[in-house]
Each structure stands twice: as C-alpha cells, then as structure tokens.
Amino acid sequence: MQHTFASKEGPLEVTLARNGEAFLLEGHELTPHSRGRMHVRMRDGRTCLVHAAKVGDIWWIHLQGRTYRWERIEPGSSSAEDEGGLVAPMPGKVLEVLVKEGDAVEAGTPLMVLEAMKMEHRIVASSDGTVLSVHFNEGDQVAQGAVLLELE
Amino acid sequence: MAVCAPNDVGTMFTEMADEVVVLQGESIGETYLNQEQILQAASATGATAIHPGFGFLSERADFARAVKKAGLVWIGPSAQAIEKMGDKMTARQTMRAAGVPVIPGEEVEEQDESAALEALREASTRVGYPLLLKASSGGGGKGMRAVHDPADFDQAARGARREAVAAFGDGRIYIERLLSGSKHIEIQILADAQGRTIHLGERECSVQRRHQKVFEEAPGPTMTVELREAMGQAAVAAAQAVDYVGAGTVEFLLAPSGEFFFLEMNTRIQVEHPVTEYVTGVDIVREQLRIANGEAMSCGPLMIRGHAIEVRLYAEDAANGFLPSIGPLSVFRPPEGPGIRLDTGVREGDEVTPNYDPMLAKLIVWAPSRPEALQKMRRALDEFVVLGTITNIEFLRDLCDAPPVVDGSTTTTTIDDLWPNGWNPPAAPMLEEASLLAAASAETLGLHRRSTTVGSDNGKGPVSPFATIQRRFP
C-alpha cells in the first residue's frame, strides 16, 4: 500500500497503514463505505465526506470545500519535467514574440503574447536566464503544453 | 428552438431545445455571428421571434434590423437604440446631451492606426493619468487597457487597438480618466412600447478581474434610498434619450465623492440579471417576451426584498494567473437548498473545451439580509463539487471572507488590492494531508476501476458517492 505522488517538492511517497477496513496516514483515518463512498476523520476530530475522481493519472479529491489534485507516479517511471521550458498553458495563437535566441532576460520579462479564448495572455520568464531557443513565430497556432521557448 | 455550431452539438442547451439547427462552419464568424444562417434556421423551423441572449449578436444593430426585415420579432431594443448605445463614443455624446453625467475623457475618431495613436497620445496628456483606453465597440474588458505611466501608453494603445480589431472589427479607441476607488453600480431598466420606462434598482458589480465581473449583488451594500432614486432617474433618462424599448442596463461608476458617472448602457439582458430577479420578484426574461410582443410590462411598483449575490463560475486556474483551464467535468455537483439558484450551461460528463468563453455557470443565492446571503454563498461554494477541470470555486469562496466583501466596501480594484501578486489558496495542511490519504486509499481500493458512475467509461470515469446508490422513485 505504497504509492508515489508528484508534488512541488518532488516525488512524495505515501505509505498507508490499515486498521481493519480503515486506512491511516499521519493520524487521519479514512473509512471506505460500500459503493465507493469515503469519509475521513482528521487528526483534529473533524469528519468529512470525500469526493474522488481519477482523470488520467491524477486523483481529484474534494473535501470541506477544497479540491486537491494528486498525480500518481507509476512505479518505475520517472517524472519528466522540462527544466527551463516554457509551455503553452492553453491552445492558442502566437500574437507576438518579444525575444530572440541569445537574449538575456530577467524573471518577469514578457517573452511571448498568446491569444486564447479571445483574450491575450503573456508568457513571462519565470527566472533570470538566457533564451536558448524560440520554437514558434507570430501567427503560429500552438497546442496546449507545447514548449514555446527554452531558457537557460 | 436553438442554433448551435458543430462543436456544440450535444451540449446542454441543445438538448433542452425542442429543435436544434446545426450551423455550418468552423469559426464563430461562420456560425454564431452568421446572421444569414441564423435567419435561415428561423425560417426553416418556423420560428417567429429571435432572442439573442448575451454575447455574439445580442448588441448588433444590423442583426436587429435584419430580423425585423425578415418579418420576425426581435426580442430586444430597436436597431437605432442599439447603435446609439453600442458605439460607446456616440453613447457618451448622447448622454452628455441628455444631461447624464459621463466620465471625463476624450473620444478619438481616427481610423488610421498611426494617426489614431498620435491623436490618442495627445488626448492622453489632456485627460491625465491614470487613464483607461477603451474600444468604442468594446465590452467585457476586450480592447481595454489601464495605463498608469505615460511610458506604457504606446504599447497599451497598440494592444487595445489590436484586441478591438480582432474582437469587433473596429479599432477606434477613446480615453477615460481612471477613477480609482470607485464602485461599479448599474441600474436595470425596463421600457415597454406603451411608453412606460421604469428601473428595477441597482446591482453592485465592483468586484472585477481584468474588467470581467466575478461577484455581483443587489441591493448595493452602501446604497441609500436617495442615491437609488437619483441613479434610477438618470438611468431612466438615459434610456428615454434613445427611445429605448425592452430590458437594458445602465452602468455607472460611483466615485468616492458620491458623484456618479455614466459608463455605458448594455442593450440586452445581462449575465447578472438574476440578482435583480431575486430581490424584486420580476422575471426579466418574461418581461422581455411580453414587451417584444407589444404587451405592457407586468410589474408593479418597485419593491426590494432581502439580498441576493451571484458569483460566476469559470473554468480557470485562479492560483496560476487565472489561466483558462480545460478538461472533463467528471464530477459536477452543484449545491442545493432554499434560496440557491444555478444557471448552468454544463452538466456532469461534459468536456470543457477552449472554443468559447470559460464561464461554466452562475451561482446565485438569496437571503433576508446581506450577512445571511454571504453565509449562504460560503456554504453553497463549499458544497459545490467539480472534479476533472480546475475552476475558480475556491477563489470565490476566499473572496467571501475578504474584508472589503464582508463590509461592503468593494471597489473596482478590490481584487488587485487584495492580491497584488496573484491569488493563492489559503494554506490548509490538515486538509491537504487528508486529501493525500484519500487519493492513496482510492488508488489502493481501485475506485477508478469500478465503473459504476454516470458518465464513466472503461473505469477511467469518476467515482461518486451518490450516483452509485441507484435509487428508484416510484
């Protein structure tokens, strides 16, 4: 009953303990009911109903008005994260390319302007660096997740 | 009867309609903005009237004219009224003439890009900073830019023009003084062909993000009987100045000084009309139909009762710069209860696509008092479960606890003031741990492989605690 989930701090290993039907983690206790219902009793004594749905590799969990997403990492696979790559957050059209290869940029520098859903979105540098490559030109259509530029 | 684009076949509104005509074409221009095809659909199905809804052709005078010319009833104001109000620069001039106060600013009629930019630059020095650039054909924040520093003016003006040309095919821009610390207050009006023009009180829609409203309420939390009367009279005068017939909204900015200024008039039903319906008891769409049919409106004297709040549910990632999100609505479970209304365009199992606006639904609550309405909204948002697509529910919920929202002192910059560096959900480590436990347990139990839920397919679908009960009602 060990699972690995992706988190901002890197892969997170979760080892569940069992108590009869219940699952335990850090003092929280989850009771599965018949037909897929779940309740969690948290360490502080609060109890709440949980809604869960898996889409792709991601578990979407709703409880107490909050929704969390946990991406499960299959045992043996490595999480491929494109360091320095800036990806299109939405499918859309490239309106403007504001930098070229070799440009030095600071965190926050606008790099590209995309149009999606009839609004303009700016792609900005997340950190200081140098533009290694620009993959699209003005007017190009880009798919969601496409790497637009690479920074070093 | 409804019309839909090919990529909207099977969506909720098409299933609610008795008959659907699928418009041919790929782009919005070929489908929802294609007047000829829509008129053909009306004639093919025997429709006798057209309601344009909000967006698309709802504020297009040429369409209103074409509908009438085709011998159909247009459920909206006259083409002339739409024209006078739809061109924001003409509207400002008409309002000045009618004695309705407008925001200090200048209109620039130049069409040519470089000449227009030059004229705008000159006008900007007279209007003063901070200022707003607005598209004359604009609306919904498109073609609009706030400029605080003259150094940013050129880039902003070019961006506003480009967005205006793309969205409306008209790049004319005007400049308004940016009145910071103001409230956005709008007055709902109704006018029938018998000559009666009334107002249904105000809505406050100050809480906006990039000029898109997200939180709307009626009555305004700081409104007084005297100010409502004054603004109501100004709105009625604005409508009468263009011989308005139908439902419409006159938008004002209410400055901290207590002065109010005409912003624009929306010559259609508005997204936030339910809050007015809740507090006045008037079904505005019903009145639109009556008025379009030549009947007198049915509402009596204005009576405002209790408090209503609406929030707009968007498929967007509030914690990531409010980027639009897409995905399946694997679970979509709205709250229920007395005083809760949901106007939704989606239901469980639908896919959120990048084709159209990311607004999914509107959640509206009513309660006898503002604090109770706010508390009901908090509860409703907590109970609203959407899994599979990122929504702004948690942002809206957090908004309900923000001091300016709680005390009613919201202004048009409230969101930027509250979260100048972007919004992030409040930390809740206990809930986060519990959610991790739930994810790991669900994986262990193989809940995703038990395809027992409505809308699930091959075990990849959602797990719902309710849909699996399979209750049968005799």
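**Figure 1. Pairing of His39(A) in the predicted model.** In strand 7 of chain A, Leu49(A) is the bridge partner of His39(A). The structure shown here and in the following views is a predicted model. Strand 6 of chain A and strand 7 (residues 47-55) of chain A are antiparallel and are paired over four bridges.

**Figure 2. The hairpin of strand 6 and strand 7 of chain A.** Five residues lie between strand 6 and strand 7 of chain A in this hairpin. Within the turn, Gly45(A) has a positive phi of about 95 degrees.

**Figure 3. Strand 5 and strand 6 of chain A.** Strand 5 (residues 28-32) of chain A runs antiparallel to strand 6 of chain A, and four bridges join them. Glu29(A) has Arg41(A) in strand 6 of chain A as its bridge partner.

**Figure 4. The two faces of strand 6 of chain A.** In a regular strand, side chains alternate between the two faces of the sheet. Strand 6 (residues 38-41) of chain A has Met38(A) and Val40(A) on its covered face, while His39(A) and Arg41(A) form the uncovered face.

Figure 5. Lys88(B), Ala91(B), Arg92(B) and Met95(B) are the buried residues of helix 5 (residues 88-98) of chain B. These residues lie on the same side of helix 5 of chain B because they cover an arc of only 100 degrees around the axis. Arg96(B) and Ala97(B), on the other side of the helix, are exposed. The elements against which the buried residues pack include helix 4 (79-86), strand 6 (131-135) and helix 8 (225-241) of chain B. Just after helix 5 of chain B, Gly99(B) adopts a positive phi of about 80 degrees.

Definitions and conventions
Residues are numbered from 1 along each chain as its sequence is written. Chains are lettered from A and ligands numbered from 1 in the order in which they are written. This is a predicted model: local features need pLDDT of at least 70, side-chain atom pairs count only at pLDDT 80 or more; totals for chains, interfaces and linings use all residues. A residue is buried if 20 or more other C-beta atoms lie within 10 Å of its own, exposed if 12 or fewer, and partly exposed in between; C-beta atoms are placed from the backbone. Two strands pair if DSSP finds at least two bridges between them. The arc is that of the directions from the helix axis to the C-beta atoms. Two residues are in contact if their C-beta atoms, placed from the backbone, lie within 7 Å.
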